[in-house]
Amino acid sequence: MEYIKGIDVSHWQGAINWGEVAKAGVKFVFIKATEGTSYSKLSYFKENAPLALAAGLKVGAYHYAKFATVAEAKAEAAYFLDSISSFALNYPVVLDLEENKKKANKKTLTDAAIAFLAAIEKAGYTAMLYTGKYFLENTLDESRLKNYAFWIARYNRTLGRSTDIWQHSDSGKVSGISTKVDLNIAYRDFTNTINTFRTDEPHAFKTETTSTYTVTKGDTLSFIAKKHKTTVKSLVSLNGIKDPDKIYIGQKLRLK
């Protein structure tokens, strides 16, 4: 079976040479953005996402969940989405659900997971659930989550089940990263289905043709809009930009 090589990182990986990572054959990366409803290391995502995009990697974001109820899940989703909205991500947006410290029952925790994933989809992203194989099969109601993409961790020679992405190691070595790093293989190519804005009907797609532009030194939204025969308002809306005066070198902007 063909697969695509990727990694996931957080602040524990420290400074990364993204050019070297790309040369090593890594095609995608998930970067930790948030945890709970606050996260002191959010700057790591904000610094590294544009650099990874500029190096040519597919970039997704993940949120480490602490919730146990639907209300808590919705609050965490709002915080996560607000934190990533100014970045033109081009890979799935992920709920990382791997602990149940509040001992929620299976139905309650699954309800909460679905509320979070639905919020991701409503915001226009491709939603994905990351969890461990045992956790998915025993702590969650998998039958209710099958509409979402799965990214499953199991550090073994085989996964022993179907998935979209398999995290098969937490101790990999990749050029450009000085620490150990999680290794993943994707069995599905998300390139052509990623972050397509959806209709109100669940899991139905609107067709919308877009291209991308990578921000370079000296660019402003008004310059980019004029160059590509569009408007600042359109760029702000299409890319979820909070402050039109703040764009970043390496940031990829969607263009209609």
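I began with burial: a residue is buried at under 20% relative accessible area, exposed at over 50%, and partly exposed in between, with a 1.4 Å probe and protein chains only. By this rule I looked up Phe80 and Phe116, and both are buried.

I noted that this is a predicted model, in which local features need pLDDT of at least 70 and side-chain atom pairs count only at pLDDT 80 or more, while totals for chains, interfaces and linings use all residues. Residues are numbered from 1 along each chain as its sequence is written, and side-chain values use heavy atoms, with hydrogens and water left out.

**Entry 1: aromatic pairs**

I searched the whole structure for aromatic pairs and recorded 10. Rings of Phe, Tyr and Trp (its six-membered ring) pair if their centres lie within 6.5 Å; planes under 30 degrees apart are stacked, over 60 edge-to-face, and the rest tilted. Phe80 and Phe116 form a stacked pair, at 5.9 Å centre to centre and with 25 degrees between the planes. Phe80 lies in helix α3 and Phe116 in helix α4 (residues 106-122), so the pair ties together parts that are 36 residues apart in sequence. Helices (H or I, at least four residues) and strands (E, at least two) are DSSP runs, numbered from the N terminus. I also recorded a cluster in which ring pairs link Phe28, Phe30, Tyr62, Tyr91, Tyr130, Trp151 and Phe190.

**Entry 2: helices α2 and α3**

At what angle do helix α2 and helix α3 pack? I found about 35 degrees for α2 (residues 42-54) and α3 (residues 70-84), with the axes 11 Å apart. Axes are lines fitted to C-alpha atoms, for helices over the stretch in contact, and angles run from 0 to 180 degrees between N-to-C directions. The crossing of α2 and α3 is right-handed, meaning that the near helix is turned clockwise from the far one by less than a right angle. Leu42, Phe45 and Lys46 of α2 make the contact with Tyr79, Ser83 and Ile84 of α3; contact means heavy atoms within 4.5 Å.

**Entry 3: nonpolar cores**

A nonpolar core is a set of buried Ala, Val, Leu, Ile, Met, Phe, Trp, Tyr and Cys residues joined through side-chain atoms within 4.5 Å. The largest core has 54 residues, of which Ile7, Val9, Trp18, Ile31, Ile84 and Leu97 touch the most other members. Helix α4 gives the most to this core, with six residues. I then listed the contacts of Leu97 beyond four places in sequence; among them are Ala65, Phe67, Leu109, Ala113 and Leu140. A second, separate core of 13 residues includes Tyr91, Val94, Ala149 and Phe190.

**Entry 4: positive phi**

Most residues other than glycine have a negative phi. I therefore looked for departures from this pattern. Lys103 has a phi near 60 degrees and is found in the loop between β4 (93-96) and α4. At 70% relative accessibility, Lys103 counts as exposed. Lys229 has a positive phi of about 55 degrees and is found in the loop between α6 (221-227) and α7 (232-239). Lys229 is exposed, with a relative accessible area of 77%.

**Entry 5: further loop residues**

Not counting residues up to four places away in sequence, Ala88 touches Leu53, Asn239, Lys252 and Leu253.

Ser175 lies in the loop between β7 (165-172) and β8 (181-186) and is partly exposed at 37% relative accessibility. With the same exclusion of residues up to four places away, Ser175 touches Glu20, Val21 and Ala24.

Lys66 is in the loop between β3 (58-64) and α3, and is partly exposed, with a relative accessible area of 36%. Leaving aside neighbours within four places in sequence, Lys66 is in contact with Glu35, Gly36, Glu76, Glu99 and Lys102.

Gly14 is found in the loop between β1 (4-9) and α1 (18-23), and counts as partly exposed at 28% relative accessibility. The C-alpha atoms of Gly14 and Phe135, 121 residues apart along the chain, are separated by 28 Å.
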